[in-house]
Amino acid sequence: MKIGNDIYYVGVNDHQVDLFEGQYVVPNGMSYNSYVIKDEKIAVMDTVDANFTEEWLGKVAEVLDGAKPDYLVVQHMEPDHAANIENFMKAYPDTTVVANTKTFTMMENFFRGMDLEGKKHIVANGDTLTLGKHVLTFVFAPMVHWPEVMVTYDSTDKVLFSADGFGKFGALDVEEDWDCEARRYYIGIVGKYGPQVQKLLKAAATLDIQTICPLHGPVLTENLGHYLEKYDIWSSYKVESEGVMIAYTSVYGHTKKAAELLAQKLEEKGCPKVVVCDLAREDMAEAVEDAFRYGKLVLASITYNGEAFPFMRTFIENLTERNYQNRTIGLIENGSWAPTAAKVMKGMFEKSKNITWLENNIKIMSSLSDENVAEIDAMAEELCK
Ligand code: FEO
């Protein structure tokens, strides 16, 4: 695939990966993107995952068509992109590696014994590299998603090589909605680093960008305002969609019944969107994504060993470690002799900023009482205000 006149896509699709980054299910696989810019000087932008060495080197060789690459630009050292640096340097030993100081330190730690003597070009934030008519500017983007990350702007073709930014789950040979899997990817992987993403967006706003070339997911060429707007919402922890998420854990079905009754009442009262999630059975990353997407969240848990149920604890930890904030939360607890889940769940958000707690919370003793049913109606009413 060619992007503009001189930029070639040489990435790969991974349909073998069981868990991306060791934890995310990717039913439609994953893409590891890499690009070649052919100018008077030739630059290869990043490598790919360790399982695709031959396929990637084959694609690079085909594009090079006998020419020698001058530069390997390394924007991010996470092995889904950087695993083939040493293999590339063995294939093209005269190449100069272009990276920043932090990246070279990580490179030494990942590739012990790899000798880059005389083959390093260390860049500072804002430095440029001229390939011929293409001029690359390196913009540091620390913690989007690792500290060494930088993005690269090609001012000739107005292309932003955005590293993990604007990436998504899913291989490129599968058609699917961008927003859904880009949101799950963003919240899961970069969600904690909103302020750093905001900083990058501010830098990007000063550039004329016509194409975004991320390290995962499709090259973005049209309607870029849509993607930038989504990134602005996600990284500033704003509510993306009006609606209520009800996340529950239930062992014998009574707490589930409360969650479902609340959903029914919300729908009857005209709530624009209600999402019900069984935290023990649904994808945790999807659940976390939904909690960040909607403005209101109801947590319903049984009491277990004096705590919230384990899947609920994991869910809340996933939210708080990603700086969950600016949301309204309601609590439903169940317990057969000493319900304490609500107190535990509320306590887990102690450090979260700008959380509004519902006035109507619900304590169930084993199964729904008539009083509980009335309380659920009151909770639905408050959520619909
Ligand atoms: Fe796709 Fe942070 O690596």
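Start by selecting histidine 145, which is buried at a relative accessible area of 10% (buried means under 20% relative accessible area, exposed over 50%, partly exposed in between, with a 1.4 Å probe and protein chains only). Before you go on, note that this is a predicted model, where local features need pLDDT of at least 70, side-chain atom pairs count only at pLDDT 80 or more, and totals for chains, interfaces and linings use all residues. Residues are numbered from 1 along each chain as its sequence is written, and side-chain values use heavy atoms, leaving out hydrogens and water.

**Stop 1: around histidine 145**

Histidine 145 is in the loop between strand 11 (135-140) and strand 12 (150-154); helices (H or I, at least four residues) and strands (E, at least two) are DSSP runs, numbered from the N terminus. Now show the side chains of glutamate 78 and aspartate 164. The histidine 145 side chain makes a polar contact of 3.1 Å with that of glutamate 78 and a polar contact of 3.3 Å with that of aspartate 164. Here a polar contact is a pair of N or O atoms within 3.5 Å; within protein, one must be able to donate a hydrogen and the other to accept it, and residues adjacent in sequence count only if both atoms are side-chain atoms. Leaving aside neighbours within four places in sequence, other residues in contact with histidine 145 include Glu21, His76 and Tyr193 (contact means heavy atoms within 4.5 Å).

**Stop 2: threonine 47**

Next, pick threonine 47, in the loop between strand 6 (42-45) and helix 1 (53-64). Is it buried or exposed? Threonine 47 is buried, at 1% relative accessibility.

**Stop 3: the rings**

Colour the Phe, Tyr and Trp rings. They pair if their centres lie within 6.5 Å (using the six-membered ring of Trp); planes under 30 degrees apart count as stacked, over 60 as edge-to-face and the rest as tilted. The count by this rule is 21 aromatic pairs. Take tyrosine 24 and phenylalanine 169: the ring centres are 5.5 Å apart with the planes at 35°, so this pair is tilted. Tyrosine 24 sits in the loop between strand 3 (12-14) and strand 4 (30-32), and phenylalanine 169 in the loop between strand 13 (159-161) and helix 5 (178-190), so the pair ties together parts 145 residues apart in sequence. Phenylalanine 169 also pairs with tyrosine 185, edge-to-face, at 5.3 Å centre to centre and 80° between the planes. Both phenylalanine 169 and tyrosine 185 are buried.

Then select Phe166, Trp178, Tyr186, Tyr227, Tyr231 and Trp234, which ring pairs link into a cluster.

**Stop 4: helix 7**

Finally, show helix 7 (residues 224-235), which has twelve residues. What do its buried residues pack against? They pack against helix 5, helix 6 (194-205) and strand 14 (211-213). Among the buried residues of helix 7 are Tyr227, Tyr231 and Trp234. Step past the end of helix 7 to tyrosine 237, where phi is positive, near 60°.

Notes
The expected span of a helix is 1.5 Å times one less than its number of residues.
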